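Open the model in your viewer and keep the selection tool at hand. The tour goes from one selection to the next and says what is found at each.

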Amino acid sequence: MSAAAAPGGVAGHPLLRDAILPTLWRLSLPNMVAMGMSVLVAVAETYYVGRLGTTALAAMALVFPLAMLTQMMSNGAMGSGVSSAISRALGSGDRDKASALAVHALVIGCVVGVLYSLLLVLCGSVFYRWLGGRGEVLQAATGFGAVLFSGAVLVWLCNTLASVVRGTGNMQWPSAVLFGVSLLQIVVGGAFGLGLGPAPRWGMAGVALGNIVAMAVAVVVLGWYLLRGQDRLLLRWRGARLSWPMLQDILRVGALACISPVQTSLAALVLTGMVARLGPDALAGYGIGQRLEFLLIPIAFGVGVAAVPMVGMAMGAGQVVRARKVAWTGAWLAAAILAVLGLLVVLWPRLWSGIFTQDAAVLVHADAYLRTVGPAFGLFGMGLVLYFASLGAGHVLGPVLAGTVRLLVVIAGGSWLMAGATPSAQGLFVLVVVAMALYGLCTIASVWRTPWHKK
């Protein structure tokens, strides 16, 4: 056995040795900065689309849950499965296995990304119609989605490459790349969406083009970084052969974890369809508020993705107690950050909703959503980080079942509300906060009761 692969060969790794909270904060900060840029991208894109009118905003509300599903599956779920497998291999001292896992991860990302692109480009209008899209709103959503999801494979490859790097404990490089390409996305999307400067005005298609260009650049830069080699992991294509045990090491965590974002997006899709039946003003207002809710996931991602390699390496090295301490420390850190954000939008909802529209009818619904849902942000964030930590440990079933509870509450409660004589948007917003709180509580309970052990 080589020295690199000897058990305990990484015993002096900072992720296994240093104090938990300072290390977690040091790893989280670059991710938070990068995720902060994703918030700015979302703000900018919604602003651009808002300039195109209420119909465009309503169309974006139909497409947005499916776009976020792409990110959550490739980055948070399968991506964390990739980081988890690589960090556990490095934690046990096996660098050769970590390099082979990186190759297998890229194969998975490419195949799933192509399938995702084909499904949503060819069948997108079917999904938008199911959500209640009609007439001009349906037409706008279909055109926007066709351009946006044609680049879904690039999103999958970008997030897979970033997850490989994060699995080594390096948060700075993928965060710097994503920060830079986010700026590029804002510039390109604005230029071609609104026709700024010499760029043609392509409307919603131009906004989607910004995402495609940014992801393509990120794939090139991250791929170059891994191919040139570092001291932690070298991506070796020559002589690589696919192995089912290697694929299984990623998929047994990542594939199961993908159920959770699917459930989250299904809950959002069900609610979007119900709100759509209350009119375009309610749908546009809900879309503005819902966009902030979905942005909680990237913010919690900043902490959660830092916890994944810390937990994974600790589990690989047999340090189960340290792994659990990392999980709970990260959960409380995210809860504090998101609770502050929730308080801000409860007290001053126009800080968010006022960015996107001045339509009084739309603002009424957007502000009502933010004031209703904001108090549960902290609890929701705590559940999300525990979900990521569970990915690092390879014990993700409990958090996935917590997502099932949330989805069932949304379906059952929404059906009951819509069957009433006078269904209201406010009733649906109350349902959102109840389901969100239940998700957090159930995830906390599942992690508390599940004994982790080295597999």
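Which helices each supply at least two residues of the lining of the second largest cavity? They are α10 (259–276), α11 (280–316), α16 (397–418) and α17 (425–449). Keep in mind that this is a predicted model.

By type, the lining residues are 11 nonpolar, one polar and two charged. The count of cavities of 30 Å³ or more comes to four.

Next, select helix α3 (residues 54–91) and helix α5 (residues 135–149). Their axes are 8 Å apart and the angle of packing is about 35°. This crossing of α3 and α5 is right-handed. To show the contact, pick T55, A58, A59, M60, L62, V63, L66, A67 and T70 on α3, then E136, V137, A140, A141, F144, G145, L148 and F149 on α5. These contact residues divide into 13 nonpolar, three polar and one charged.

Last, select helix α4 (residues 95–130) and helix α9 (residues 244–257). Here the axes come within 9 Å and cross at roughly 70°, which means that α4 is roughly perpendicular to α9.

Note on methods. Residues are numbered from 1 along each chain as its sequence is written. This is a predicted model: local features need pLDDT of at least 70, side-chain atom pairs count only at pLDDT 80 or more; totals for chains, interfaces and linings use all residues. Side-chain values use heavy atoms; hydrogens and water are left out. Axes are lines fitted to C-alpha atoms, for helices over the stretch in contact, and angles run from 0 to 180 degrees between N-to-C directions. Helices (H or I, at least four residues) and strands (E, at least two) are DSSP runs, numbered from the N terminus. Angles under 35 degrees count as roughly parallel, over 145 as roughly antiparallel, 65 to 115 as roughly perpendicular and the rest as oblique. On a 1 Å grid over the protein atoms alone, a cavity is a set of points where a 1.4 Å probe fits but cannot get out, and a pocket is an open set with protein on both sides within 12 Å along at least five of seven lines; lining residues have an atom within 4 Å of a point. Grid points are joined across faces, edges and corners, and a volume is the space filled by probe spheres set on the points. Ala, Val, Leu, Ile, Met, Phe, Trp, Tyr, Cys and Pro count as nonpolar, Asp, Glu, Lys and Arg as charged, and the others, Gly among them, as polar. A crossing is left-handed if the near helix is turned anticlockwise from the far one by less than a right angle, and right-handed if clockwise. Contact means heavy atoms within 4.5 Å.
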